[in-house]
Amino acid sequence: MSNEMNMPYSGKLSFKEKFCYALGDASANIAWRGVAAFLTIFYTDVFGLTPATVAMIMLICRAGDGVSDVFMGVVGDRTKSKYGHFRPWVLWTAIPLGVILSLLFTAPDWSEPMKIAYAYVTYILFTLIYTANNIPYGALMAVMTPSENERASLGAFRMAGAFTGGMLVQGALFMLVNCFGEINSNIELEQKAETEYVVKITSPENVKSAILKTTHGPLGLYGSCAQFQEIETSDSANQTLGEISEVGKGIRFAIDANQTYSFVVTGEKDLETSDFSLVNQSTGYSKSMYILSAILALCMFFTFYGTRERVEPPKTQENNLWEDLKNLIQNKPWVILLVVGLGFNIYNNMKTIIIPFYFTHYMGNPMLAGVYFIALMLVSIVGASITPALCDKFGKKNVFLGSMVITSIINSFLCVFEPNQIVGIFIVGLMSELFAAILPTLFFGMLGDAADYGEKVFGRRATGLVYSAGSFATKFGGGIAGAIIGWVLAGFGYEGTDPNSIREAVPGIVMLMSWIPAVICIIFAVVMRFYPSQAEFDALSSKSVANND
């Protein structure tokens, strides 16, 4: 153990150390929010898995997280090095986490059973490596400073970092996919009327999941007003319109090499061939994730080198796993936080996972999802920054409970909007996110309070074990959220490669975007009523001081 950990410490953290710690959650959220927001739609629309299969992958791969999280908490508490208990794991897992994230968004052209096996293996490895990284990272907060106020401040920095990392991946991924996935295809354009064109496109390669789109129009890179209709063409010079197979802003289809595909494009004028592009989604996702994974690893290195551990367990404490586990189950604040954390993570993850589906298949403008994600992140930073002030005024318990109820009520109103009511959708979504962002900000700081509670009541401190609740709630909550979405979409007959089935599933997508997650969050909010009040914590602290005297 380094000498720095044995030096007297006032509890105050520098801005630099808080910033470096925040970079760790920026890094983690490149992985976690990228997976939460895009893996489901990647599996269904690019990799070609059914929603029911995806639901089982999400649920089964996350089912073991409770065991792995507890195990990692135990390992973290018992790790001894010159860098501390938890910091080394941030360093050791930086590169493996980036590698497995890249593999997760790679779509090998295999048979369906092999694809399913690949998805299971890569997803399980991702959850395990993420656990080995995130449990120690979360526990690091509690041992950087003994000050509750500094932990609250550190929690705000952490959430700001998380939202920034999430903003990067969620706001930019669709644009990166379009950029890195663009195919050097042959495009011919023939104008039929002022706002009607026939576009013919030929690809030099086979593409399982192609997108044909135009960036022309008032929204520029964020989408256009063009509508696509696939047509049949004869061998003669004249066009013969056939059955319309798909209508939408941008069209998704499988394309064979050196075969010509024709579409009627309406809704815009002054189009040129340079306004159109053909995108290979599989290639775009893979290359985009390679870049984001490199950024992830770099941020983790900064977290390792820029932080220090200072809070040690009681010197008289002996390693006793059974005692630690028994105390954990008897730790009332921890048990309640575990249940409530699971609930709000189901809620937040459902809202995140369904956004790409909602903007792609309901609003017909997937690029607008990136704008929506960025707007949500900006509002989330505001929510995280005002959390300490709200807690000072109303108390942590009341702020947590009130935020769960308010965000749920607001979010349920998303079911009333039509696809063209963009402003209303953004306003309601952002208002809901303002309160939803308070929940994770408070949650991780309150886990530190639960660790203090356990030390005062049982005379033992198992910080890593306590913080395993944070990772378990985040990961398993996300797994349940993904499973619910998969089951609902499967119930509506959704198939990511079949336009007709997608249209039939739109009502289910709207339900998943609005009132279904809201009802779940309200149910779990009831549990938060049993969390100890600040007066109970203060009384316990006074009793502990008296006993020590």
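This is a predicted model: local features need pLDDT of at least 70, side-chain atom pairs count only at pLDDT 80 or more; totals for chains, interfaces and linings use all residues.
Modeller: Local features are reported here only at pLDDT of at least 70 and side-chain atom pairs only at pLDDT 80 or more, while totals for chains, interfaces and linings use all residues. Residues are numbered from 1 along each chain as its sequence is written, and side-chain values use heavy atoms, without hydrogens and water.

Biologist: Are helices H1 and H7 parallel, perpendicular or oblique to each other?

Modeller: Helices (H or I, at least four residues) and strands (E, at least two) are DSSP runs numbered from the N terminus. The axes of H1 (residues 15–46) and H7 (residues 148–180) come within 6 Å and cross at roughly 40 degrees. Angles under 35 degrees count as roughly parallel, over 145 as roughly antiparallel, 65 to 115 as roughly perpendicular and the rest as oblique. H1 and H7 are therefore oblique.

Biologist: How many residues of the contact of H1 with H7 are nonpolar?

Modeller: Nonpolar covers Ala, Val, Leu, Ile, Met, Phe, Trp, Tyr, Cys and Pro; charged covers Asp, Glu, Lys and Arg; the others, Gly among them, are polar. The contact of H1 with H7 includes seven polar and five charged residues, and its nonpolar residues number 17.

Biologist: What separates the C-alpha atoms of alanine 26 and glycine 166?

Modeller: Alanine 26 lies in helix H1 and is buried (under 20% relative accessible area; exposed is over 50%, partly exposed in between, with a 1.4 Å probe and protein chains only). The relative accessible area of alanine 26 is 9%. Alanine 26 and glycine 166 are 140 residues apart along the chain, yet their C-alpha atoms are separated by 7.0 Å.

Biologist: Which residues of helix H17 are buried?

Modeller: Helix H17 spans residues 506–513, and six of its eight residues are buried, so H17 is largely enclosed by the rest of the structure. The buried residues are Val506, Gly508, Ile509, Val510, Leu512 and Met513.

Biologist: Which residue in E3 stands opposite asparagine 186?

Modeller: Strands E2 (residues 186–193) and E3 (residues 196–202) run antiparallel and are joined by seven bridges; strands pair if DSSP finds at least two bridges between them. A hairpin links E2 to E3 through two residues. Opposite asparagine 186 stands threonine 202.

Biologist: What is the phi of asparagine 258?

Modeller: Asparagine 258 is in the loop between strand E7 (251–255) and strand E8 (260–266), and is exposed, with a relative accessible area of 60%. Most residues other than glycine have a negative phi. Although asparagine 258 is not a glycine, its phi is positive, at about 65 degrees.

Terms used:
Axes are lines fitted to C-alpha atoms, for helices over the stretch in contact, and angles run from 0 to 180 degrees between N-to-C directions.
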